[in-house]
Amino acid sequence: MNILETKSLSKYYGKARGIVDVNLQVKEGEIFGFIGPNGAGKSTTIRTILNFIYPTSGEAKVFGMDCIKDSKEIRKNIGYLPSEVNYYDDMKVKELLDYSASFYKGDYKKRIKDLSGKLELDLNRYIDDLSYGNKKKVSIIQALLHSPKLLILDEPTGGLDPLMQNRFFEILREENEKGATIFFSSHILGEVQKMCDKVAIIKEGKILKVENIEDLRNNRFKNVKIELNGNKDMDFNIKGVINKEISKRNVKFLYNGKTEDLLKSLLENKVHDVTIEEPSLEEIFMHYYTEEVN
Amino acid sequence: MNLYLREINKNKKSLMIWTAIIVTLVVMVMAFYPTISAETETYERMLESMPKGFTAAFGVGSLSMGNIFGYYAIEGYLMITLLGSIYAVMLASGILSKEESDKTIEFLLSKPITRKEIVTNKLLSYITNIIILNIIATIVLFISFQIFKEDDFNMKTFILISIAPLLLHLVFAAIGFLVSVFITKGKKVTPIALGIVLVTYFMGILAELSDKLEFLKYLSPFKYFEAKDIISNDAIQMKYIALTVIINLVCIVLTYVFYSKKDITV
C-alpha cells in the first residue's frame with residue numbers, strides 16, 4: 001500500500017512556479033529520500049501534502065486519504081520536522097513538548113524522557129535560549145513523540161553535530177524497524193544515500209528521476225581531475241566518462257563507470273597528478289538534467 | 001481545548017496589565033466625583049465656555065456633571081471604551097497572526113487540528129479575555145459608584161453603561177480578527193489595528209461636529225454606545241445592537257472562510 005502518493009501535484013504562487021506535475025509513491029516501511037537544490041520545490045511539496053498550502057492542481061493522498069479533506073485525520077499519524085525551527089518564545093522545552101503531546105491521545109512523558117536522554121537535551125531551558133542545534137532536537141522530539149506512522153523530515157540534520165546526526169539516524173532506523181515510513185528531504189546526497197531505500201530527485205519544481213538507492217550506489221559518480229605530464233594528447237574515452245572538459249594539460253570529467261577501469265586507464269597514461277572526489281550534488285543534477293533534455 | 005487554554009495562559013499577563021490600567025484610571029476619576037459634584041456649577045460654566053465642538057467631542061452634550069452618571073460619562077467612560085477597544089483590537093488581531101509572524105504556525109498545523117478548530121479556540125479565547133476585563137471593570141466601577149455616590153443611582157442605567165463597552169470591544173475585536181487573516185507579515189498588524197480604533201474614534205467626533213458628516217456615526221462603533229445616549233434614553237438603541245451583531249457575525253464568518261482557504265507559508 002502507498003503510504004504517500006501524489007498525482008500530478010502542481011503548485012503555483014501566483015505565476016511563480018512552486019512544483020509542477022509531481023508524482024510520488026512512497027510505500028509502507030520505506031525510507032524515501034527527496035533530494036534537490038534549494039528552491040527546487042521540496043518544501044512546497046511537503047507543505048502541500050500537509051495542507052499548509054493548497055495545490056493548484058493534482059492531488060495528494062496520505063494513508064489513502066485526501067490531504068485536504070482528511071487533513072486532521074492524516075496528521076494524527078504524521079510527525080513533521082520542519083526545516084526551520086520556530087517555537088513560542090515564552091515556553092520551556094518541557095512545556096512545548098507537553099503542549100505538543102496534548103494534541104494526541106495517550107501519555108508521552110516516558111517517551112519524551114527517553115528521546116531527550118538520547119539526544120542529550122535539557123528539558124528545563126527556555127527554547128529561546130537554545131542554540132540552533134538544540135532547537136532542532138526539540139523539533140525532532142515533537143515530531144517523534146507520538147510514534148507516527150509517517151515521518152516527514154524537511155532538511156532534518158541542519159545544525160546537528162556529527163555525533164548527534166548519528167544518534168538521530170539511529171533513532172530513525174529504530175522507528176523504521178517499528179514500522180514507520182520516512183519521507184526524508186535533503187540537499188545533501190551523502191545523508192540520503194546513508195539512510196534511504198529510494199530517492200526522488202527534484203529540480204526546478206519537477207521530478208527528474210526516482211531511483212533505488214542500490215542503483216544510485218552502482219552509479220557512483222566521481223569527479224576526476226587529471227594533470228598530465230606534458231602537452232601530449234590523451235584519450236580518456238573509457239566507458240562512464242561524462243561531461244569531459246580539456247584545457248591544456250588538464251582534463252576534467254564526471255565518471256560513472258567501474259573504478260577498476262578508471263585506475264587502469266590512469267596507469268596506462270602518464271599522469272602527473274590526479275584528484276578523485278565526490279561530485280557536488282549540483283554536478284549530478286546537471287548530469288540528470290542534460291540527460292533529461294536529451 | 002488545549003489550544004484554548006494555551007491562549008488564555010499566554011495572554012493572561014497582558015490581560016492583567018490592561019485591566020489594572022483601566023481599573024486604576026476609572027477609580028482615580030471616580031474619586032474626584034465628590035469634589036466636583038460639590039462645585040457643579042463652576043464646572044458646568046467652564047464647560048459652557050468651551051467651544052461646542054470640544055464638548056461634543058467628549059460626549060458631554062446634555063449631561064450634567066452633578067449627576068454621577070453624567071460625571072462618569074464625561075470623565076470616566078472614555079477610559080474603558082477607548083483603552084478597552086485598543087486592548088480588544090490588539091488582542092484579537094494578534095491571536096491568529098502571531099502564529100504566522102512568529103512562524104509557529106508550521107508547528108501548530110502539523111498537529112491533528114483543523115483550521116476551523118484553530119479559529120474557534122482563538123475566538124473563544126479572545127472573547128473570554130474581553131469578558132473578564134469587562135467583568136472586573138464593572139465590579140470595580142460598581143464599588144467606586146457605591147463609595148463616591150451622593151445619591152442612589154439607577155441600577156438599570158448602570159448595567160447598560162457596563163454592557164455597552166463589552167459590546168463595543170467585541171465589535172473591534174471581530175474587525176481585528178478578520179483583518180489579521182490578511183495581514184500577517186511582521187509588525188504591520190498592531191499599527192493597522194490601532195489605526196482602525198483611532199480613525200473610527202475621530203470619525204465619531206467628526207459626526208458630532210457637522211450635520212453633513214452625521215452619517216459617519218454608523219462607521220464609528222464608538223457612536224453606537226455613546227454614554228449620553230444610553231443615559232438619557234435609558235437604553236441602547238436597537239439599530240446599534242443590530243449593527244453590533246451583524247459586524248460580529250460577518251467578520252467572524254469571513255475569518256473562518258478565509259482562514260480555512262488561505263495558503264499558510266512562513
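A: Strand β3(A) pairs with strand β9 (residues 198-203) of chain A in the parallel sense, over four bridges. Pairing here takes at least two bridges found by DSSP between two strands. Strands are DSSP runs of E with at least two residues, and they are numbered from the N terminus. This is a predicted model, where local features need pLDDT of at least 70, side-chain atom pairs count only at pLDDT 80 or more, and totals for chains, interfaces and linings use all residues. Residues are numbered from 1 along each chain as its sequence is written, while chains are lettered from A and ligands numbered from 1 in the order in which they are written.

Now the surroundings. β3 (residues 31-35) of chain A is largely enclosed by the rest of the structure, because five of its five residues are buried. A residue is buried if 20 or more other C-beta atoms lie within 10 Å of its own, exposed if 12 or fewer, and partly exposed in between, with C-beta atoms placed from the backbone.

The side chains split by direction. I31(A), G33(A) and I35(A) point one way from β3(A). F32(A) and F34(A) point the other way. All of them are buried.

For contrast, take G14(A). G14(A) sits in the loop between β1 (2-13) and β2 (16-27) of chain A. G14(A) counts as exposed because it has 5 C-beta neighbours inside 10 Å.
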